[in-house]
Amino acid sequence: MDADLTLAALAGLSGPMAMEGMFGGVFWVLLGMAAATYLTRAAGLFLISRVSPTPRVEAFLRHVPASILVAIVVPNLVQGGPAERAAAGVTALVAILTRNLIAALFAGVLAVVVLRGVI
């Protein structure tokens, strides 16, 4: 309860009515965000079930996961230090040698943790 009062004081609110209003507002915001997330995902599945994609669209959709992965990894490599770059090399090497993405993932995480401690 003390933490709730602290949060209300930090928000500039006082009294039990203010706390109820603050936490009631948070509940409705969270509920609205959950509904928006669900509706956008459900709408995408609904639309793709109604449309038969052309071969060009299918080819595009096949490359989306790789594009997202590159968009996540490349900025981290550019901004990262030698430990991150070396760990990326270890990950790529394990992926090429084993063709097992889970093994490459674990090797990369282990490599970055160890190399950050060493380098």
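Buried means under 20% relative accessible area, exposed means over 50%, and partly exposed is in between, with a 1.4 Å probe and protein chains only. The model is predicted: local features need pLDDT of at least 70, side-chain atom pairs count only at pLDDT 80 or more, and totals for chains, interfaces and linings use all residues. Residues are numbered from 1 along each chain as its sequence is written, and side-chain values use heavy atoms, with hydrogens and water left out.

Start with the fold. From the N terminus, the order is α-α-α-α-α. Helices (H or I, at least four residues) and strands (E, at least two) are DSSP runs, numbered from the N terminus.

Now the largest pocket. It holds about 520 Å³ of space. Its lining has 17 residues, and the closest to the centre are L69, V73, A87, A88 and T91. Which helices supply at least two lining residues each? They are α3 (55-79), α4 (82-98) and α5 (101-118). Helix α3 gives the most, with seven residues. By type, the lining has 13 nonpolar residues, three polar and one charged.

A word on terms. A pocket is an open set of points on a 1 Å grid over the protein atoms alone, where a 1.4 Å probe fits, with protein on both sides within 12 Å along at least five of seven lines; lining residues have an atom within 4 Å of a point. The volume is the space filled by probe spheres set on the points, which are joined across faces, edges and corners.

Next, the surface. L45, I48, V57, F60 and L61 form a nonpolar patch, with about 490 Å² of accessible area together. Patch members have over 30% relative accessible area and no salt bridge, and nonpolar side chains are joined within 5 Å. Helices α2 (15-50) and α3 each supply at least two of the residues. The largest share, three residues, comes from α3. F60 sits in that helix, α3. At 56% relative accessibility, F60 counts as exposed.

Last, charges. How many salt bridges does a search of the whole structure find? One. A salt bridge is a side-chain nitrogen of Lys or Arg within 4 Å of a carboxyl oxygen of Asp or Glu. Here E84 pairs with R116, and the closest N and O atoms are 2.8 Å apart. E84 is in α4 and R116 in α5, so the pair ties together parts 32 residues apart in sequence. R116 counts as exposed, at 53% relative accessibility.

Definitions and conventions:
Ala, Val, Leu, Ile, Met, Phe, Trp, Tyr, Cys and Pro count as nonpolar, Asp, Glu, Lys and Arg as charged, and the others, Gly among them, as polar. Patches are made of residues with over 30% relative accessible area and no salt bridge: like charges are joined within 9 Å, nonpolar side chains (Val, Leu, Ile, Met, Phe, Trp, Tyr) within 5 Å. Accessible areas come from the Shrake-Rupley method with a 1.4 Å probe; for residues, only the protein chains shown count as cover.
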